[in-house]
Amino acid sequence: SPPQALSMNELQEITDDISKLTIVHEIVLNSDFKLQAASFSPKSLQNRVKETLHKAFWDSLEEHLSASPPDCTQAIQLLQEMKEALLSLLLPWHNQLRSQIEGALDMELIRQEAEHGALDIHGLTTYVLGTMARLCAPIRDEEVRGLQRLTDPAQLLREIFRVLGLMKMDMLNFTIQSLRTHLQDHTIQYEWKKFQELLDKLPSSLDCTREWLRKAAAEVSASSSQPPPHPAVGGSPAAHSPGAVSSSTTVPSLMSVLNRGYMNLLCWEPGQKEYPEALFMDQARLQDVQAQVNQLTIIATVLLVTSGMCGSTLCGSPGFVARLKRVTKVLLEGLSCTRYEEALEDISDQVLQEISRTLSQLGYAAFTTDKYASLKGQIKSIADKGNAVWHVIDQWIRSFLSLFVSPDGQNSQKGFPKGLDPIQEELLEVGRRFGSVIHHNRQ
C-alpha cells in the first residue's frame, strides 16, 4: 500500500525530533561544538532589515529618554528583560544573589518611581553592570569594564543588551561542556530510541542505507570466494578488516558487511548517489575524513615518486622531505579531487625547485634536463586513473585505516606501511577520527 501522508503537525514533530537528535549527536562527537549567535552577511537583505529595525528601536529609545519629561516606558521594558537575562545566568545555588536581583530590580517599584518622575536609570544600570561583572566569564571582563565608561543612557542600555547576549551564549556553552560526559554515557540509548521512533513514523526512510549495505554484502560475498591479494599491495581494505569472512563462508557476516560498507564511505562519489540515511548526521565528518585521505594519498605518492628519483642521499638531507610535504599540502589545501590535476602541475614545479636548491646547497651536480622532465611527468601523472604508484599508496592507506573500523584496532600502529612514514602522524589522527565516528555508529 502507498505510504500514508503525514499531517503538518506530524512533520513538525519529526523535524523537531531530528533537530534534537542531531544536536545531541553533535555535542557528543564534536568536542569543539559551541552554539553561536546567528549572523548574516553584511550586504544581505536579512542583515539590512535587522540593522534598520534595531536602529529604529534605539533611536526611538534615545528620543523618549531625551524628552522633557522623559518617557521611560521602553527603558522599563528593557530593565525587565535585563532582570530576566541576569536571572537566567544564575546557577541553582545562587539563592542569595537571586534575592538581591529580585529586590534591586523590583519592577513594580520601578514603575511607581517612573510615574512619580523619580526613576534612577543610572543607578539601576550601575547595579546591572556590577552584577554582570560578578557573573561574566573572564573573557568578558574587559567588555563589562568598557560599559562602565559609557555615559549616554540609550547607548549604555544598548551595549548592556549586547554583552548580556554574549554572556547568555557563554552560559549555554558552559552548560553543554558540563553535560557532555553525562550525554556520552546515555546518548547511545537516546539515539536508538529516537531513531526507532522516526523509523516507525517513516518506514521507507532507510532506502539508501539498505542499498549501501546490499552493495557491501555483494562485494564481501564476491571477494570471499577469491584468494586474498598479495600483502605488499595492501589488498582490499575490507578483506583485511576485522570480522572479514573466510573463503569457505558463503554468507557474509554482519561484521564484515558493515566493515566493507564503512570503508566504502572513504571512496564515496558525491552527486552520483544518496548518502546512507543512517549516517546523515555524520556525513560532513566522514566526507572531511575522505578529503583528508585523498590529500594524504597524493602527498605520500608525490614523496614516494620523488624519493625514487632522487635517492636516499638527497631524501636523507635534513628537512628535505618535510619541505616537500609542506609545499604539497599547501597547494592541495581546500581543493576537491577534480582539481588535483591542475594542482599537481604547480606541485611538480615546486618539487623541482626544492630539488635544485637542495642539490646546490649540498654541492651536488644539478639533475639533467631529461631527469627533471621525467620527474615532472611522473608527478603530473599521479592524477591519472590507473596510476600504479597512486594505486599502491591508496591501498596501503585504506588497508591501514580498516584497522580503525574495529574498536580493537583504534589505538594500534601495527602494520604501518614503511612507505607511509612521512605521513604517519596525520594518518594516525585521521584514523582515530574515522574510528571514533564508526565506533559510535556501530553501537
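**Nonpolar cores and local features of the predicted model**

In this predicted model, the largest nonpolar core comprises 56 residues, and Ile355, Ile379, Leu420 and Leu427 have the most contacts inside it. A nonpolar core is a set of buried Ala, Val, Leu, Ile, Met, Phe, Trp, Tyr and Cys residues joined through side-chain atoms within 4.5 Å. Two or more residues each come from α11 (254-264), α12 (283-315), α13 (320-332), α14 (340-362), α15 (369-380), α16 (388-401) and α17 (424-442). Helices are DSSP runs (H or I, at least four residues), numbered from the N terminus. The largest share, 14 residues, is that of α12. Ile355 is in contact (heavy atoms within 4.5 Å) with Thr306, Cys310, Leu314, Phe320, Phe367, Tyr372 and Leu375, leaving aside neighbours within four places in sequence. A second, separate core has 36 residues, among them Ala75, Leu105, Ile121 and Leu156.

Helix α5 spans residues 107-115. At its start, a side-chain oxygen of Asp106 comes within 3.1 Å of the backbone nitrogen of Glu108. Gly117 follows α5 and has a positive phi, near 70 degrees.

Thr209 lies in helix α9 (residues 207-224). Thr209 counts as buried because its relative accessibility is 9%; the limit is under 20% relative accessible area, with a 1.4 Å probe and protein chains only. Beyond four places in sequence, Thr209 touches Pro276, Glu277 and Ala278.

Mean pLDDT (the predictor's confidence in each residue, from 0 to 100) is 84 for the chain, and 90% of residues reach 70 or more. Over residues 231-249 pLDDT stays under 50. The model has 46 contacts beyond four places in sequence for residues 231-249.

Residues are numbered from 1 along each chain as its sequence is written, and side-chain values use heavy atoms, without hydrogens and water. Local features need pLDDT of at least 70 and side-chain atom pairs count only at pLDDT 80 or more, whereas totals for chains, interfaces and linings use all residues.

Definitions and conventions. Buried means under 20% relative accessible area, exposed over 50%, partly exposed in between (1.4 Å probe, protein chains only). A polar contact is a pair of N or O atoms within 3.5 Å; within protein, one must be able to donate a hydrogen and the other to accept it, and residues adjacent in sequence count only if both atoms are side-chain atoms.
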